[in-house]
Amino acid sequence: MNRRNFLKGATTLSVSASLLPLSHLLPNAAQAATNETAVVVFGGTINSLDIHRSGTNRDSYQVAINCYDRLVSFGTKQTADGSLSYDFSNVQPELAESWETSEDGTVMTFKIREGATFWDGKPVTAHDVKWSLDRAVSLGGFPTVQMKAGRLESPDQFKAIDDRTFQITLPFPSKLALPDLATPIPIIINSEVAKAHATENDPWATEYLHRNPAGSGAYKVLRWNAGEQLVYERNEDWACGPLPGYQRVMLREVPAQSTRRALIERGSVSASQNIPNKDAKELAAKPGVKVVSTPIENCIYSLCTNLDFEPFKDKRVRQAVAWSIPYEKIFEQAAYGQGVPMWGGGEQVTSIAWPQKSPYSQNLEKARALMAQTAYKDGFEVPLSFNLSVADWAEPTALLIQQGLAEIGIKANIEKIPGANWRTIALVEKKLPLHLENFGGWLNTPDYYFFWSYIKGNLFNSYNYDNPEMAKLIDDTLDMAVSHPDYAPNVTRMIEIAFEDIPRIPLWQPTLNVAFKEGVEGYEYWFHRQMDIRPLKPA
């Protein structure tokens, strides 16, 4: 079946047609889900097998997770509902079997795991680690920026002492350096294979690794049909953890959510990844289906007020907007009660936990009183923008915000922006006056969240907010140990400023929803929101 016909079929099938067996609906699948083969469906598309390559999208990150090892990883913890999650506070060995940190906190020395080999049988050495991290900090774009978060910025910082000893030197101690090595970015690549396919114009072999992973991870790529499916096969010689429970895993791209839902309801697939809140709520009541909904750490769905738009330069206008929002209706009708409310907190900040509830709730009397104090007491018009790719929650949210704003004289004209254009317009050009946005930091500390979203010019500050006090607090705190006596006071003040200035109005903390066929076990939530298939296993 060609790509055109596949998409046509996937997007036009009715629910009744979707109840056909997987082998009829998805004829390219060699097998349905069994105890040896897991089938995972998702609505996105994988556009590269190389996370360092420019333009690699979020759906592609899971290749780095499952096919490559990193020096370290995070441990596992049990959440309040009994499900499993990664544990940010517990860094564990992966390719490095051990490590030591110098007394001054600037030198980390790692011992490479004995017996770890790449898929071609070549031992993994510190020289491969050196080449791989050099690549991550040199290619530019998001990978290089993410490495900088842990103060990993230059190849000069990385040294292979011998085949099994690797060293990193930091410019100064940073609490984010070690956990940054556990993100999907610092993958360890078979440098001999990569170098054999490098060219003068492509010294980092991006064209080759785009389609040909060269890792030591738990799974190998057996087949990739771009736009249709990715098939993994277990690496029987994986040395960095217990062997995965499934010998083969098929990731199928199924654009229509109704089709994905029907497949999981019928038990034709093992898992459906990242499902909408409405389906998560309804599927949780279905026999034979297990839904895991995990609050996304360090993430908030927010309404953003751009300070380049004249009325929003006045803090009182921004506060009035925050008091006008019908938070409870939004949470009920857009989030279907899934997630954690981020409104109605106390007037004083008494905790450094993040995210936390803002002090705002819907109070139209307060909102009108604030507007009356400004030059905009008679109201104004403003476009209210959202990303069509997340219309399932953003559109009902925008409509309810529009109603709330009308109550205080602000006429919001809803503007729907195609997903392909959103990142450029909202995050790069930063020119949307009022818009819905979300950001979830990979490194789970409040100061990391504020760094990305409250420093002018940084990617997720899509509203051109600039406060010198906030900027200094972030700069002073980002590398500071959590145990430092200034850490908690600094973070407390950041949160106070964020709520007082309110350029970004918190709505709710979203959940990541994944549905499983009965009998599939071992799923763990991860901050990167991609499927780590390594711990999955049949019951």
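The following legends describe close-up views of a predicted model. Local features need pLDDT of at least 70, side-chain atom pairs count only at pLDDT 80 or more, and totals for chains, interfaces and linings use all residues. Residues are numbered from 1 along each chain as its sequence is written, and side-chain values use heavy atoms, with hydrogens and water left out.

**View 1. Crossing of helices α12 and α14.** The axes of α12 (residues 315-324) and α14 (residues 364-372) come within 8 Å and cross at roughly 160° (axes are lines fitted to C-alpha atoms over the stretch in contact, with angles from 0 to 180 degrees between N-to-C directions; helices are DSSP runs of H or I, at least four residues). The two helices are therefore roughly antiparallel (angles over 145 degrees).

**View 2. Residues between α12 and α14.** Helix α12 contributes Arg316, Val317, Gln319, Ala320, Trp323 and Ser324, and α14 contributes Leu364, Lys366, Ala367, Leu370 and Met371 (contact means heavy atoms within 4.5 Å). These residues divide into 7 nonpolar, 2 polar and 2 charged (Ala, Val, Leu, Ile, Met, Phe, Trp, Tyr, Cys and Pro count as nonpolar, Asp, Glu, Lys and Arg as charged, and the others as polar).

**View 3. The second largest pocket.** This pocket has a volume of about 380 Å³ (the space filled by probe spheres set on the grid points, which are joined across faces, edges and corners). A pocket is an open set of points on a 1 Å grid where a 1.4 Å probe fits, with protein on both sides within 12 Å along at least five of seven lines; lining residues have an atom within 4 Å of a point. Of its 19 lining residues, Trp238, Pro242, Glu524, Arg534 and Pro535 lie nearest the centre. Strand β2 (72-78) supplies the largest share, 4 residues (strands are DSSP runs of E, at least two residues).

Methods: Angles under 35 degrees count as roughly parallel, over 145 as roughly antiparallel, 65 to 115 as roughly perpendicular and the rest as oblique.
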